[in-house]
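Here is a short report on selected helices and their packing.

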Amino acid sequence: AERGRGQRACEELAHAVRLSDSRARPDSLQLGQAYRNLGRAMIGVGDLPGARAMYARAAEVQERSLGDMHSELATTLYLSAMAASEAGDYVAQRRVAERALAIRERVFGRDHPVVAIAAATLGNAIRNLGDPEGALPYYERSLAIHRAAARPNPFDLSLALNNLGSALLQTRDGAGARKYLEEAREVRARAFGPGSGTGVWA
């Protein structure tokens, strides 16, 4: 039933996009948003190729309408990177993650929490390509930003600790990995209760 509702929502969004596409200018801000919303809906029903195509169209429209250094474009690129990762296309994941990070740095400054997320996403792409050592600077930067926040989000902080610890584990730095993974477990346990601090989020 849930999947059926999602499929209907996806079809309704697709119809809305077709209408927008026929009526809007090629650089319409609303058209870019419509493509992105349809991409999200397609992810929800398991249509990964369709979602990636919609994100690509959204990015093209947003770049024309907003320029190549806008936060909305960065959000679309982030979603595109996540979809590329899910599809196992790590080269594309890295390419769009690099663009998203550059845009968010320009728009928000180097120490904003959304920059931490973008840095971690790029680290994930590099690690997915088989280079955990190359991912470390991005994971370290992400963690530093989360630590410096006035009120660190425990989920984001524990995930940043886990990312760094897991990458260190892959580089055979067992002592370094243990330090961060144990701290990640402690953060989760304090924030979410006993039993939530177990396991490694690879």
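Arginine 141 touches Leu101, Glu105, Arg110 and Val115, leaving aside residues up to four places away in sequence. The model is predicted. Is arginine 141 buried or exposed? Its relative accessibility is 17%, so arginine 141 counts as buried; the cut-off for buried is under 20%.

**Helix 7**

Arginine 141 lies in helix 7. This helix covers residues 132-148. It has 17 residues, which at 1.5 Å a residue should span 24 Å.

Arg141 is one of several buried residues in helix 7. Pro132, Ala135, Leu136 and Tyr139 are also buried. What covers them? The cover includes helix 5 (90-108) and helix 6 (113-128). It also includes helix 8 (154-170) and helix 9 (174-192).

The table gives the axis geometry of two pairs.

| Pair | Axes come within | Crossing angle |
|---|---|---|
| Helix 2 and helix 3 | 8 Å | roughly 160° |
| Helix 6 and helix 8 | 11 Å | roughly 20° |

Take helix 6 and helix 8. Their axes cross at roughly 20°. That makes helix 6 roughly parallel to helix 8, since angles under 35 degrees count as roughly parallel. The crossing of helix 6 and helix 8 is left-handed. On the helix 6 side, the contact is made by Ala120, Asn124 and Arg127. They meet Asn163, Ser166, Ala167 and Gln170 in helix 8. By class, this contact has 2 nonpolar, 4 polar and 1 charged residues.

Now helix 2 (residues 29-44) and helix 3 (residues 48-66). Their axes cross at roughly 160°. Helix 2 and helix 3 are therefore roughly antiparallel to each other, because the cut-off for that label is over 145 degrees. The crossing of helix 2 and helix 3 is left-handed.

Which residues meet between helix 2 and helix 3? Helix 2 brings Leu29, Leu31, Gly32, Tyr35, Arg36, Leu38, Gly39, Arg40, Met42 and Ile43. Helix 3 brings Leu48, Gly50, Ala51, Met54, Tyr55, Arg57, Ala58, Val61, Gln62, Ser65 and Leu66. By class, the contact of helix 2 with helix 3 has 13 nonpolar, 5 polar and 3 charged residues.

Methods. Residues are numbered from 1 along each chain as its sequence is written. This is a predicted model: local features need pLDDT of at least 70, side-chain atom pairs count only at pLDDT 80 or more; totals for chains, interfaces and linings use all residues. Side-chain values use heavy atoms; hydrogens and water are left out. Helices (H or I, at least four residues) and strands (E, at least two) are DSSP runs, numbered from the N terminus. The expected span of a helix is 1.5 Å times one less than its number of residues. Buried means under 20% relative accessible area, exposed over 50%, partly exposed in between (1.4 Å probe, protein chains only). Contact means heavy atoms within 4.5 Å. Axes are lines fitted to C-alpha atoms, for helices over the stretch in contact, and angles run from 0 to 180 degrees between N-to-C directions. Angles under 35 degrees count as roughly parallel, over 145 as roughly antiparallel, 65 to 115 as roughly perpendicular and the rest as oblique. A crossing is left-handed if the near helix is turned anticlockwise from the far one by less than a right angle, and right-handed if clockwise. Ala, Val, Leu, Ile, Met, Phe, Trp, Tyr, Cys and Pro count as nonpolar, Asp, Glu, Lys and Arg as charged, and the others, Gly among them, as polar.
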